[in-house]
Each structure stands twice: as C-alpha cells, then as structure tokens.
Amino acid sequence: MSTIPAVHLGLDLGFGDVKIVADFECGEANHRQKVLRKFPTAVAYAKDGIIGNLGGDSGKTYSFNGRKYVVGASALQFRDVFSTRDINFLIHFSPLLAFAAVEGLAQEGSMGPEILQPGKKSVCLGVPLAYFHSRRSSLVEAVRACHVSGASLDFTNVEVRAQGQGILFDFMFDEDGEAIEERLNMNILIVDIGFNTVDILGVVNGRSSREWSGMIERGGISRICQQVGDYLQREFSFDLPEQSLKDVITKREITLYGAKKDVSEVIRKAQEEYSDWLMQEVRSRWDGFLQKADRMIIAGGGAYYVRDDFAEKYPKDFLYVPEKPEYSNAMGFYKYLEAKKHAEQDVQEDHDPAVQS
Ligand SMILES: Nc1ncnc2c1ncn2[C@@H]1O[C@H](COP(=O)(O)OP(=O)(O)OP(=O)(O)O)[C@@H](O)[C@H]1O
Ligand SMILES: [Mg+2]
C-alpha cells in the first residue's frame, strides 16, 4: 500500500528560471528526501505541424485556460516565446509553471507520480518585493488549485513571501528547518541578484525592514547578457534571444557555423564591469545600513558572477554566499514551511496533557 506523502514545496518563480525545492516523508520508514530542480521560465503556444513532424523534441504540451502551451527549455525553441519580464505574466502562468515544476519532480522519478495525487501538499512561493503587498493575494488565489491538462493539483496550504525573504530563511534555519539561534537577531543586507532584477532586503534584528528594502530594476544578470549579445551582434552578426544568451554566459562559449568559439574573455570583462557597477549602486544607497550591519548576504544566480569581486572589497566574515545561491530563495521557502511545522508541533505538544504531565 502506498501512502500519499505530505509534501513541502519551496517554489521560486523567477523571471529567468523556476526553481523548486521539495521534500517528502514516506510515512512508514520515516524516510526523507530533498530534491532541487530548475527550468527556464519560458512559455510558448504549442504548434502542431512542422516541428512536431520532424520528430525532434518539440516538448510536451500542456492545456491551460483553453490553450495549448510548451513550457521550460523546449519553449525556448519557439520564436514567439512569451516575455518573462512582467509580473502579470508570472501571475497568469503561475499555475502552469507550478504544475510543470511538480510534475517534473514526479517524472524524474525522485518522488513518484503520487506527488500529483490529492494529499497534504504545502507550497511557499515568492513574489518580487515591490509587488508583495499589491499582488500577494492574486498569487495565492492563482496557485491554490492548478488546473492543467485535465488534472488538478491542489495545495492544502499556499504561502507567499517576498523574494529575498527566502534567502533570509535559508540563512536562519538549518537543513531541517530548525532555527540557528545565533543567526536570529542579526542586521543583514540581503542582495538577491536575479536575471532581471536585484532585490535588496534590509533585515533589522532578524525582521525585514521595508524602509531599508528596495529593488534595482533591470539590474540583474541580463545586463551581462546584453553586453555579450551586443558583442556577438557586432562581431558576428549573430542575434541571440536573451534566454539563449543566459546559456552562453554559463557555458562561456558559442557554436558558430559548427565551430566552437571561446567568448570567456568578453564575458569576464562584462562580468567585471557589472560587479563594479552593482557594488557602486549598493554602496550609494545602502552604505549607511551596511556600516551597522552584521552581515551582507549575496545570493540568487547572479552571486556566481560577483562573489569574488565582493569578497575582495568586504571582510571575510561579513560576506556570506549560500551554497547553490540560485536555489537560496526556494530553499528558504521550503525551510519556512518546515519551521512552521515544527512551531505547530511545539504548540500541540505544549497543549498535550501527556507531554505536560
Ligand atoms: N549554476 C549557475 N552557474 C552559473 N550561472 C548561473 C547559475 N545559476 C544561475 N545562473 C545565472 O544567474 C542568473 C540569475 O539566476 P536566478 O535563478 O537567481 O534568476 P531569477 O530568480 O530567475 O531572476 P529574477 O530574480 O530576476 O526573477 C541566471 O539567469 C543565470 O544567468
Ligand atoms: Mg530571483
């Protein structure tokens, strides 16, 4: 007999990539397993015909709101892949992206198809800080029941936190969602460097401060992509969409007429200029806060590109970069659900006469 597992999902619907961190308990053996997974935040209308007939992988299609879509890496092949720069895009497609993320866990075999069946599933996801108050409830409503391809993915609990807050939870809680005492009451500046935006969260005595938080719009890694894209256009008349440029800056090479071309030097330069620019932006707006802060945390996938330069400028113990920084928000959202579960258990035990006697 298979038991339907209780699942906690940390979901970060970034403008660049969807990241998911999940864990489930197999009732009897008390076995727990954690899975990290991501795919590009890309959605395109599915097209019947030529591409499908070629036998190539044109991707799985999903029916959503009366239309058929392709999601993730395979959507990048389509010319009319939707713009991912818009909060309305993210909210509208959040049920589809959440469904694809959870289904991916089942398909990978890491969790098994029972994850899609009704059961106790909780999800915590993030919204950019700037939209937290205005769009939080729309996102909760959108994700509560994801109806896709005739299936329904229902969550018993949907939590929405601000992006960047996930990074704080990731820092404050250990792997099992237990609080790390000495990290609870710190003053921290969190710099979440994403593809599109840089979200900055000021944390005073362990609590997010609206006054010290802000966003550098269009300040993310897309700036490096743009510079590299301009170079490829100028030198080779090679026009690549932004999502593909993301791949180029990760792999540091492109294939042009079948030949591999090393572009690491161009990327290194773009990366250096970007680090200098970002450090200057942060310093000019948050130096007053930083002087009194206990830590600066650099996270989001952008951390890979700036951490060495930041490490040169700030003391070693002051700067903290989480492991796999691109997953830090999703990991923190997951830990937040775990921490809530512990807190609820503690409250239950406090009221349990068997425990009190
Ligand atoms: N493992 C990695 N190695 C190298 N680069 C990476 C890695 N992971 C992410 N990146 C780069 O960092 C960028 C930002 O990643 P991240 O996942 O934090 O963005 P996002 O959350 O989708 O964007 P936003 O926060 O703007 O919504 C990616 O677009 C990619 O270029
Ligand atoms: Mg992000």
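Ala, Val, Leu, Ile, Met, Phe, Trp, Tyr, Cys and Pro count here as nonpolar, Asp, Glu, Lys and Arg as charged, and the others, Gly among them, as polar. The model is predicted, so local features need pLDDT of at least 70 and side-chain atom pairs count only at pLDDT 80 or more, while totals for chains, interfaces and linings use all residues. Residues are numbered from 1 along each chain as its sequence is written, and side-chain values use heavy atoms, with hydrogens and water left out.

Begin by selecting D17, K38, K246, G301 and E326, which are the closest to the centre of the largest pocket among the 33 residues that line it. A pocket is an open set of points on a 1 Å grid over the protein atoms alone, where a 1.4 Å probe fits, with protein on both sides within 12 Å along at least five of seven lines, and lining residues have an atom within 4 Å of a point. By class, the lining divides into 10 nonpolar, 13 polar and 10 charged residues.

Next, colour domain 1 (6-40 + 93-162) and domain 2 (183-326), with bounds from an automatic or database domain assignment: because both give residues to the lining, the largest pocket lies between them.

Then select helix α5 (residues 222-236) and helix α7 (residues 264-292), which pack at an angle of about 145° with their axes 9 Å apart; axes are lines fitted to C-alpha atoms over the stretch in contact, and angles run from 0 to 180 degrees between N-to-C directions. Their contact (heavy atoms within 4.5 Å) includes Y231 of α5 and W277 of α7, and has 8 nonpolar, 2 polar and 2 charged residues.

Methods:
Chains are lettered from A and ligands numbered from 1 in the order in which they are written. Helices (H or I, at least four residues) and strands (E, at least two) are DSSP runs, numbered from the N terminus.
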